[in-house]
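Welcome, and please take a look at the model below.

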Amino acid sequence: PFEVQDRTFNSDDQLIKWMVDELTQDKIIGLFHGRMEFGPRALGSRSIIADPRVRNMRDRLNERVKHRESFRPFAASVLWEHQNDWFEGSFFSPSMEAVFEVKENMRQKIAGVVHVDHSCRIQSVVKDSQPFYWDLIEAFRKRTGVPMLINTSFNDCEPVVCSAQDAINCFSNCDMDHLVIGNRVFSRLRQSVSLSA
């Protein structure tokens, strides 16, 4: 058992600002927002997201959330407008099915998504089709200079979550920091240890 804090944000702007604050503090967020996407990958509506700049984020996600082999890499959701600045010979890939080489001068900046062969599978994100997710990544870019987030499917050894109850069950059974359902946020409270003199 663990304690959960529950809060609701009044606007997407407030929610996005809070999410960026948490992502830049290395927090892992389960995102259940809007209609479920249709495709071979999670594309931002049923996703687990994290900061791609954090070198050991792959290991943390595999151990804490996905419970799978430690070498398994993670993909990135990238703002289409900035994609060619980061990847060699890339093209529009909205369904996260293409893998591109990360430009040499960018690899250290997004160490959490660069595979051993310097590649990364990506999802091209455009505002017209995914306004909330685009706004979130754009806010992250403005804060960090990095126009992408780690994106992995919202599941743990089971099919991708379909319902809010599925999302809550997954959140309860793995070690994410936060769960966003619409504009409502559930946060796992970490125990603080104080040493008395």
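The report starts with the ground rules and then moves from the sheet to the helices.

## Ground rules

This is a predicted model, in which local features need pLDDT of at least 70 and side-chain atom pairs count only at pLDDT 80 or more, while totals for chains, interfaces and linings use all residues. Residues are numbered from 1 along each chain as its sequence is written, and side-chain values use heavy atoms, with hydrogens and water left out.

## The sheet

Let's begin with the strands. An open sheet of 9 strands runs in the order β1-β9-β8-β2-β3-β7-β4-β6-β5, with mixed pairing. At its edges sit β1 (4-8) and β5 (98-101), each of which pairs on one side only. From one strand to the next, the twist averages 35°. Helices (H or I, at least four residues) and strands (E, at least two) are DSSP runs, numbered from the N terminus; two strands pair if DSSP finds at least two bridges between them.

## Strand β7 and its neighbours

β7 (residues 148-153) pairs with β4 (residues 75-79) in the antiparallel sense over 4 bridges. Here Ser77 stands opposite Leu149, and Ala75 stands opposite Asn151. β3 also pairs with β7 in the antiparallel sense, over 4 bridges, and Ile49 has Asn151 as its bridge partner.

How many residues of β7 are buried? The count is 6 of the 6, so β7 is largely enclosed by the rest of the structure. Buried means under 20% relative accessible area, with a 1.4 Å probe and protein chains only. Met148, Ile150 and Thr152 cover one side, and Leu149, Asn151 and Ser153 the other.

Helix α1 (residues 12-23) lies across β1, β2 (29-32), β3 (46-50), β7, β8 (178-181) and β9 (184-188), and runs at about 160° to β8. Axes are lines fitted to C-alpha atoms, for helices over the stretch in contact, and angles run from 0 to 180 degrees between N-to-C directions.

The axes of α1 and α3 (residues 131-144) come within 9 Å and cross at roughly 50°.

## The buried side of α4

In helix α4 (residues 164-173), Ala167, Cys170 and Phe171 are buried. They cover an arc of only 100° around the axis, which puts them on the same side of α4; the arc is that of the directions from the helix axis to the C-beta atoms. An α-helix has 3.6 residues a turn, so residues three or four places apart point the same way. The buried residues of α4 pack against β1, β2, β8 and β9.

Terms used:
Contact = heavy atoms within 4.5 Å. Buried < 20%, exposed > 50% of the residue type's maximum accessible area, 1.4 Å probe, protein only.
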